[in-house]
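Good morning, colleagues. Please turn to the sequence and the structure on the screen, and I shall guide you through some of the contacts.

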Amino acid sequence: MADSKIKTIGVLTSGGDAPGMNAAIRAVVRKSIANGMTVKGIQRGYSGLLNEEIIEMDKRSVSDIIQRGGTILGTARCEEMRTEEGQKKAADICRRHGIDGLVVIGGDGSYRGALALSHLGINAVGLPGTIDLDIACTDYTIGFDTAINTAMQAIDKVRDTSSSHERCSIIEVMGRNAGYIALWCGIANGAEDILLPEKYDYDEQKIVDNIINNRKHGKRHHIIINAEGIGHSTSMARRIEAATGIETRATILGYMQRGGSPTCKDRFYGSLMGAYAADILAAGKNNRVVAFKNGEVTDFDIEEALAMQKSIPEYQYEVSRILSR
Ligand code: F6P
């Protein structure tokens with residue numbers, strides 16, 4: 001691939017960080033260098049690009065990072081990049097630094113910036129990095145596996161103390177408007193109720209009846225996994241305690257779910273997808289999102305990817321409900 005037109009690749013991480021982003025950065029850097037290119041790291045996402053926080057990267061600059069959580073490049077959410085003016089400025093800065101290919105590791109929001117840059121002549125490729133698993137074109141997003149394992153372990157701990165005190169616990173997990181973390185943990189933790197933004201009917205009486213019924217049948221605890229997209233766990237706990245007479249506590253797991261050393265799966269997919277992004281840029285592709293679909297790494301047009309819809313798999317939801325009874 002030494003005769004590729006692209007000479008210099010920039011790499012940035014954008015939006016919420018996710019474990020495994022470092023593995024992806026490492027793979028982009030090392031595979032691009034192997035493909036005969038120069039690589040520049042852009043710090044603090046699009047904000048850093050607009051402030052020209054751009055550093056040279058070589059093979060050694062990504063040593064000893066694959067096992068680390070977060071992103072060594074830093075990340076940010078950037079309002080300016082949503083504006084036409086910001087996008088033009090970003091493209092000009094890329095040109096000034098000789099960056100003719102860009103890998104953006106992040107979620108849907110970050111791809112909109114990549115799409116704009118593609119239209120402005122910078123070859124851009126998106127990589128799915130988010131704990132939320134909410135990117136429609138891909139079956140996997142980097143960070144999801146670590147996040148669900150972190151949440152699962154925390155929920156197990158809350159369950160121990162819930163059982164000892166014979167309490168009801170509402171545990172709120174992240175996921176923005178998507179319920180994938182809640183669904184996976186709900187099944188893996190054997191929760192009694194799983195509330196997903198995509199499915200929840202806001203009928204609290206059903207939950208109350210379920211708690212009372214389970215208590216009658218000898219359950220010592222009642223675990224409710226509530227997704228961030230529904231939220232309000234603390235007030236929900238107060239209402240449920242008042243309605244059931246059973247002590248009810250809310251635990252919001254929060255940002256701990258985004259940190260920590262990535263699992264093998266996140267390191268593996270981060271590495272694979274990062275290398276693939278470097279390769280498709282080297283092959284002259286532009287305006288693509290890398291995805292893992294039907295057991296293979298592949299890529300989609302960014303606009304097509306953004307237009308795709310994703311929903312909670314019906315069978316998984318059905319199983320979660322049956323097993324919780
Ligand atoms: O997208 C990842 C995520 O952690 C979501 O689960 C959550 O809604 C959001 O980011 C929080 O974002 P911020 O870091 O801006 O508070």
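I begin at the ligand, where an oxygen atom is 2.9 Å from an N or O atom in the side chain of Arg-258. Please bear in mind throughout that this is a predicted model.

Two further side chains deserve attention at this site. Asp-132 places a polar side-chain atom 2.7 Å from an oxygen atom of the ligand. For Tyr-255, the distance from a polar side-chain atom to a ligand oxygen is 2.4 Å. Which residues surround the ligand? Besides Asp-132, Tyr-255 and Arg-258, they are Arg-77, Thr-130, Ile-131, Met-174, Gly-175, Arg-176 and Glu-228.

Let us now turn to the packing of helices, starting with α5 and α6. Helix α5 covers residues 144-165 and helix α6 covers residues 180-188; their axes come within 10 Å and cross at roughly 50 degrees. Because of that angle, α5 counts as oblique to α6. The crossing of these two helices is right-handed. On the α5 side, the contact is made by Phe-144, Ile-148, Ala-151, Met-152 and Ile-155, and on the α6 side by Tyr-180, Ile-181, Trp-184, Cys-185 and Ala-188. What classes of residue form this contact of α5 with α6? The residues comprise 10 nonpolar, no polar and no charged.

Leu-183, Trp-184 and Ile-187 of α6 meet Gln-316, Tyr-317 and Ser-320 of α11. This contact contains four nonpolar, two polar and no charged residues. Please note Trp-184, which takes part in the contact with α5 and also in the one with α11.

My last pair is α1, residues 21-34, and α9, residues 264-282. These helices pack at an angle of about 35 degrees, with their axes 7 Å apart, and their crossing is right-handed. From α1, the residues in contact are Ala-23, Ala-24, Arg-26, Ala-27, Val-28, Lys-31 and Ser-32. They meet Asp-266, Arg-267, Gly-270, Ser-271, Gly-274, Ala-275, Ala-278 and Asp-279 of α9. By class, the contact of α1 with α9 has six nonpolar, four polar and five charged residues.

Thank you for your attention.

Methods. Residues are numbered from 1 along each chain as its sequence is written. This is a predicted model: local features need pLDDT of at least 70, side-chain atom pairs count only at pLDDT 80 or more; totals for chains, interfaces and linings use all residues. Side-chain values use heavy atoms; hydrogens and water are left out. Axes are lines fitted to C-alpha atoms, for helices over the stretch in contact, and angles run from 0 to 180 degrees between N-to-C directions. Helices (H or I, at least four residues) and strands (E, at least two) are DSSP runs, numbered from the N terminus. Angles under 35 degrees count as roughly parallel, over 145 as roughly antiparallel, 65 to 115 as roughly perpendicular and the rest as oblique. A crossing is left-handed if the near helix is turned anticlockwise from the far one by less than a right angle, and right-handed if clockwise. Contact means heavy atoms within 4.5 Å. Ala, Val, Leu, Ile, Met, Phe, Trp, Tyr, Cys and Pro count as nonpolar, Asp, Glu, Lys and Arg as charged, and the others, Gly among them, as polar. A residue is near a molecule or strand if one of its heavy atoms lies within 4 Å of it. A polar contact is a pair of N or O atoms within 3.5 Å; within protein, one must be able to donate a hydrogen and the other to accept it, and residues adjacent in sequence count only if both atoms are side-chain atoms.
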